[in-house]
Amino acid sequence: MIEYLYASLLLISGVLIYFAFKQYNVSKELMADGIKTNATVIDLLRVSSDDGYTYKPVFEYYDRGNNRVTFESEVSSNPAPYKVGDKVKIVYSKTSDHRRIISFWGLYRWTIILLSLASPLLIIGGGYILYSKW
């Protein structure tokens with residue numbers, strides 16, 4: 001019975017690793033084939049949280065067709081990571097709605113988070129299964 005628990009941990013880690021790899025590939029393809037431009041912070045949205053308020057930047061940029069595009073950051077923080085009027089380098093896809101801030105965390109945040117969750121599950125589940133075979 002306990003083998004099913006450890007096998008499920010191993011399976012969950014495999015799923016998390018798969019999605020981490022997908023997120024990495026999105027960032028990799030954006031950097032290779034995407035359009036790089038500057039975006040301007042036009043607003044800081046105030047988001048209520050358990051510890052008070054956090055701030056989520058709203059960015060604006062113009063695409064190749066000279067269309068104005070605005071988008072909200074996925075992440076909010078306190079203190080605010082940017083001030084209104086700050087310029088940020090971004091990359092966006094020609095064919096989809098994928099866009100990322102060109103920074104380490106902007107590009108690889110989800111890859112790191114998913115791998116951080118998958119690693120202990122992989123070690124515990126895989127270690128038990130390897131150990132139980134001997």
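**Calling features by rule**

Visitor: Why is Arg46 said to lie over the face of Tyr53?
Guide: Arg46 lies 3.7 Å from the ring centre of Tyr53. A charge sits over a ring if NZ of Lys or CZ of Arg is within 6 Å of the ring centre and within 35 degrees of the ring normal, so Arg46 qualifies.

Visitor: What kind of model is this?
Guide: The model is predicted; local features need pLDDT of at least 70 and side-chain atom pairs pLDDT 80 or more, while totals for chains, interfaces and linings use all residues. Residues are numbered from 1 along each chain as its sequence is written, and side-chain values use heavy atoms, with hydrogens and water left out.

Visitor: What makes Phe104 and Trp105 an edge-to-face pair?
Guide: Their ring centres are 5.5 Å apart, with 80° between the planes. Rings of Phe, Tyr and Trp (its six-membered ring) pair if their centres lie within 6.5 Å; planes under 30 degrees apart are stacked, over 60 edge-to-face and the rest tilted. The rule gives nine aromatic pairs. Phe59, Tyr61, Phe71, Tyr82 and Tyr92 form one aromatic cluster.

Visitor: Why do the side chains of Arg109 and Glu74 count as making a polar contact?
Guide: Arg109 lies in helix H2, residues 104-133; helices (H or I, at least four residues) and strands (E, at least two) are DSSP runs, numbered from the N terminus. The Arg109 and Glu74 side chains come to 3.1 Å. A polar contact is a pair of N or O atoms within 3.5 Å, where, within protein, one must be able to donate a hydrogen and the other to accept it, and residues adjacent in sequence count only through side-chain atoms on both sides; this pair therefore passes.

Visitor: What else is in contact with Arg109?
Guide: With neighbours within four places in sequence set aside, Arg109 is in contact (heavy atoms within 4.5 Å) with Val75 and Phe104 as well as Glu74.

Visitor: What makes one space a cavity and another a pocket?
Guide: On a 1 Å grid over the protein atoms alone, a cavity is a set of points where a 1.4 Å probe fits but cannot get out; a pocket is an open set with protein on both sides within 12 Å along at least five of seven lines, and lining residues have an atom within 4 Å of a point. Points are joined across faces, edges and corners, and the volume is the space filled by probe spheres set on them.

Visitor: Which residues are closest to the centre of the largest pocket?
Guide: That pocket has about 240 Å³ of space. Of its 14 lining residues, Phe71, Glu74, Arg99, Arg100 and Arg109 are the closest to its centre. Strand E3 (68-72), strand E5 (99-101) and H2 each give two or more residues.

Visitor: How far apart are Val26 and Arg99?
Guide: They are 73 residues apart in sequence and 9.5 Å apart in space, C-alpha to C-alpha. Val26, in helix H1, is in contact with His98 and Arg100, leaving aside neighbours within four places in sequence.
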